[in-house]
Amino acid sequence: MTISGRRRFGMVAIVAALGVAAIGVASVRADPVPDLPPVAGDELLASSLAALARPFTIAGEVETRFDLGIPQIPSSLSGGAGGGLMGALSFVTGDQRYKVWRSPDGVRIAHLLAFAEQDLVVSSSDAWSWDSSDMSAVHFGFPGMQLWGADPSATAARDADLLGIARRALDAVAPYADVSVDTSSTVAGRPAYGLVLTPRSTLTLVGRIAIAIDAETRLPLRFQVFPRGSDVAAFAAGFTSVSFDAIDPSMFSFTPPPGTTVRQAADVIAEARDRADGDGTPPVSDPWVFGRGFDVRVALRLDSPLPDGASALLPYAGPLVSAITVERDGQTWLLVGPVSVATLEEDAASLP
């Protein structure tokens with residue numbers, strides 16, 4: 001399905017949640033190493049997950065870095081001015097800057113571009129995305145939604161920021177990792193513990209996940225994913241400034257500026273589905289799943305071949321993820337996972 005990342009800030013947040021593949025943070029500063037009381041790794045992890053599960057207030061600036069290991073995005077995939085899946089990825093890969101606000105009243109994320117800004121604004125009863133480059137907005141209605149309740153759409157909205165992504169990532173991979181405590185550090189002016197998750201899997205491309213945990217609030221301030229055998233993070237994100245002060249609830253309300261073209265999310269989704277039916281994007285069947293935790297990978301059976309531009313990138317062997325296509329009995333399969341191409345090829349031999 002062809003989706004413009006430039007016009008749909010919500011997709012920027014989602015791509016960033018699935019990837020969960022590698023965040024690169026602000027330049028390292030020569031801050032003193034704080035002297036913090038010792039804490040066991042399991043205790044530090046548990047306290048951080050508990051802090052993330054409770055309503056909290058945080059605001060600040062975030063810098064991210066995402067290295068896909070692709071030297072150049074082909075124009076056939078970027079779709080010209082930012083279109084297509086790779087066009088969407090171009091808005092989260094490399095160095096990116098954000099401002100974030102989060103409290104029990106809502107979530108607001110501002111993606112700061114060179115000559116534009118994209119905003120996602122979520123309150124307890126409404127949500128908007130806005131793009132200043134073409135003065136367009138998409139309205140998402142959540143009637144009766146309680147942001148901190150059990151409603152699935154509320155949970156997705158609440159977890160659209162860095163802290164929500166960190167919580168989901170920790171929940172997913174912690175059972176499959178050895179947990180330890182590394183050297184403490186200072187992040188965004190705050191003393192922080194260093195939490196390290198080392199995968200037990202021998203198949204995964206992930207070497208370790210390093211998380212800087214605020215010593216007082218136990219909230220993650222920096223998140224880095226390192227490829228196996230490398231000291232350079234392929235994926236990293238972290239606060240460069242942070243505040244835990246109360247946030248005015250009006251920060252989570254949004255009124256489209258004069259001249260903005262407003263569209264309803266239901267209409268946008270319907271149009272995207274119509275485009276997918278006619279642009280050659282292959283539909284997929286239910287996935288086959290191999291492995292679990294750090295080495296989980298999926299195989300998708302495509303009802304038609306990939307477009308030439310996409311297939312030109314395959315096989316893909318990135319620092320944290322690989323992807324291949326194979327033909328089995330006249331069917332095309334796409335296999336993706338945080339493992340080597342060789343492992344995906346072995347999985348392909350088990351497909352029906």
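Phe66 is buried, at a relative accessible area of 10%. Start there. Keep in mind that this is a predicted model.

**Stop 1: Phe66 and Phe235.** A search of the whole structure turns up 4 aromatic pairs. In the pair of Phe66 and Phe235, the ring centres are 5.1 Å apart and the planes stand at 75°. That angle is over 60 degrees, so the pair is edge-to-face. Now colour the strands. Phe66 sits in E1 (residues 58-66) and Phe235 in E11 (residues 235-243), so the pair ties together parts 169 residues apart in sequence.

**Stop 2: Trp130 and Phe254.** Select both rings. Their centres lie 6.2 Å apart and their planes meet at 50°, so this pair is tilted. Trp130 belongs to strand E5 (residues 126-131). Phe254 is in the loop between E11 and strand E12 (261-264). Buried or exposed? Trp130 counts as buried at 15% relative accessibility, and Phe254 is buried with a relative accessible area of 15%.

**Stop 3: helices H2 and H6.** Show residues 41-53 for H2 and residues 162-173 for H6. Their axes come within 10 Å and cross at roughly 135°. The two helices are therefore oblique to each other. The crossing of H2 past H6 is left-handed. Which residues make the contact? From H2, pick Leu45, Ser48, Leu49, Leu52 and Ala53. From H6, pick Leu163, Arg167, Leu170 and Asp171. By class, that contact holds 6 nonpolar, 1 polar and 2 charged residues.

**Stop 4: the backbone.** Most residues other than glycine have a negative phi, and most peptide bonds are trans.

- Arg218 is not a glycine, yet its phi is positive, about 65°. Look for Arg218 in the loop between strand E9 (206-214) and strand E10 (220-227). Arg218 is buried, with a relative accessible area of 18%.
- Asp329 also is not a glycine and has a positive phi of about 55°. Asp329 is in the loop between strand E16 (322-328) and strand E17 (331-337). At 75% relative accessibility, Asp329 counts as exposed.
- Leu314 and Pro315 are joined by a cis peptide bond, with omega about 0°. Pro315 is in the loop between helix H8 (308-311) and strand E15 (316-317).

Terms used: Residues are numbered from 1 along each chain as its sequence is written. This is a predicted model: local features need pLDDT of at least 70, side-chain atom pairs count only at pLDDT 80 or more; totals for chains, interfaces and linings use all residues. Side-chain values use heavy atoms; hydrogens and water are left out. Axes are lines fitted to C-alpha atoms, for helices over the stretch in contact, and angles run from 0 to 180 degrees between N-to-C directions. Helices (H or I, at least four residues) and strands (E, at least two) are DSSP runs, numbered from the N terminus. Angles under 35 degrees count as roughly parallel, over 145 as roughly antiparallel, 65 to 115 as roughly perpendicular and the rest as oblique. A crossing is left-handed if the near helix is turned anticlockwise from the far one by less than a right angle, and right-handed if clockwise. Contact means heavy atoms within 4.5 Å. Ala, Val, Leu, Ile, Met, Phe, Trp, Tyr, Cys and Pro count as nonpolar, Asp, Glu, Lys and Arg as charged, and the others, Gly among them, as polar. Rings of Phe, Tyr and Trp (its six-membered ring) pair if their centres lie within 6.5 Å; planes under 30 degrees apart count as stacked, over 60 as edge-to-face and the rest as tilted. Buried means under 20% relative accessible area, exposed over 50%, partly exposed in between (1.4 Å probe, protein chains only).
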